[in-house]
Amino acid sequence: MTDNQLLYAISEIVEQKIKAETEPVKNQLNKIENEMGRMKEQLDNLEMKTDRLEMKVDSLETKVNSLEIKVNSLETKVDSLEQRTGNLEGEMGSVKKQLEQVDHRLKRVEISLESDVVPRLQTIESCYLDTYKRYQSGIDQIDTMQRDIDVLKKVTEEHSEKLRKIS
C-alpha cells in the first residue's frame, strides 16, 4: 500500500468514525430542533393567550372603572338621601309640634263645646221648641178665627143685602 492509499484508508476510517460519532449528535440536534419547534409553538400560543388575557384585563379594568363611577354616583345619591332624611326628620319634628298644638287646641275646643256651647244650644233649642208649640197652637187659633171671620163676612154681607132691600 502506498502512502496515498494508506492516507485514503485512514481518511475513510476517520470519516466513518466521525460519521458514526456525529450521527447520534445529529439525531440529538434534530430532536432538539423538534423540541425547539414545539417550544416555539407553545411560546406563540402562550403569547396569544397572554394577548387575550391582556385584552380581558383591559376590559375588566374598564368595567371596574365604570363600576367605580357608578358606585361614586350611588354614594352621592345615598348622601343626598341621607341629607333629605335629616331634613325630613327636622320637618317631622316641626309637624309633630304643630300637631301637638292642634291637638291641644282641639281639646280646648271640645271642652268649650261641652261646657259652654252645647248647654246654650240646648237652651236655645228648648226656647225654640216652646215658641214653636205656642205658634202651633196660635196657628190653630188663627185658622179658627179665619173661619169665624169668613162666616161673619158672609153673615154681614147677607145682612147688608137684606138691609139694602129693606131701605
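Q: Glu161 and Arg164: how far apart are they in helix α1?
A: Three residues, which puts about one helical turn between Glu161 and Arg164. Keep in mind that this is a predicted model.

Q: What do their side chains do, Glu161 and Arg164?
A: They meet in a salt bridge, 3.8 Å from N to O.

Q: Why can side chains pair like that?
A: Opposite charges can pair when the charged atoms come close.

Q: And is Arg164 buried or exposed?
A: Arg164 counts as exposed, because its relative accessibility is 59% and the cut-off for exposed is over 50%. Glu161 is at 39%, so it counts as partly exposed.

Q: How many salt bridges does the structure hold?
A: Three. One of them joins the side chains of Glu35 and Arg38, at 2.9 Å from N to O. Another joins Lys107 and Asp103, at 3.7 Å from N to O.

Q: What's the spacing for Lys107 and Asp103 in α1?
A: Four residues, so about one helical turn separates Lys107 from Asp103.

Q: And Glu35 with Arg38?
A: Three residues apart in helix α1, again about one helical turn.

Q: Why does a spacing of three or four places work in an α-helix?
A: There are 3.6 residues a turn, so residues three or four places apart point the same way.

Q: How accessible are Glu35 and Arg38?
A: Glu35 has a relative accessible area of 36% and is partly exposed. Arg38 is at 45% and also counts as partly exposed.

Q: Where is the kink in α1 centred?
A: On Leu113, with an angle of about 45°. Leu113 is found in helix α1, which runs over residues 3-166.

Q: Is Leu113 buried or partly exposed?
A: Partly exposed, at 40% relative accessibility.

Q: Which residues make the nonpolar surface patch?
A: Val109, Leu113, Val117, Val118, Leu121, Ile124 and Tyr128. The patch is about 620 Å².

Definitions and conventions
Residues are numbered from 1 along each chain as its sequence is written. This is a predicted model: local features need pLDDT of at least 70, side-chain atom pairs count only at pLDDT 80 or more; totals for chains, interfaces and linings use all residues. Side-chain values use heavy atoms; hydrogens and water are left out. Patches are made of residues with over 30% relative accessible area and no salt bridge: like charges are joined within 9 Å, nonpolar side chains (Val, Leu, Ile, Met, Phe, Trp, Tyr) within 5 Å. Accessible areas come from the Shrake-Rupley method with a 1.4 Å probe; for residues, only the protein chains shown count as cover. A salt bridge is a side-chain nitrogen of Lys or Arg within 4 Å of a carboxyl oxygen of Asp or Glu. Helices (H or I, at least four residues) and strands (E, at least two) are DSSP runs, numbered from the N terminus. Buried means under 20% relative accessible area, exposed over 50%, partly exposed in between (1.4 Å probe, protein chains only). The bend at a residue is the angle between axes fitted to the seven residues ending there and the seven starting there.
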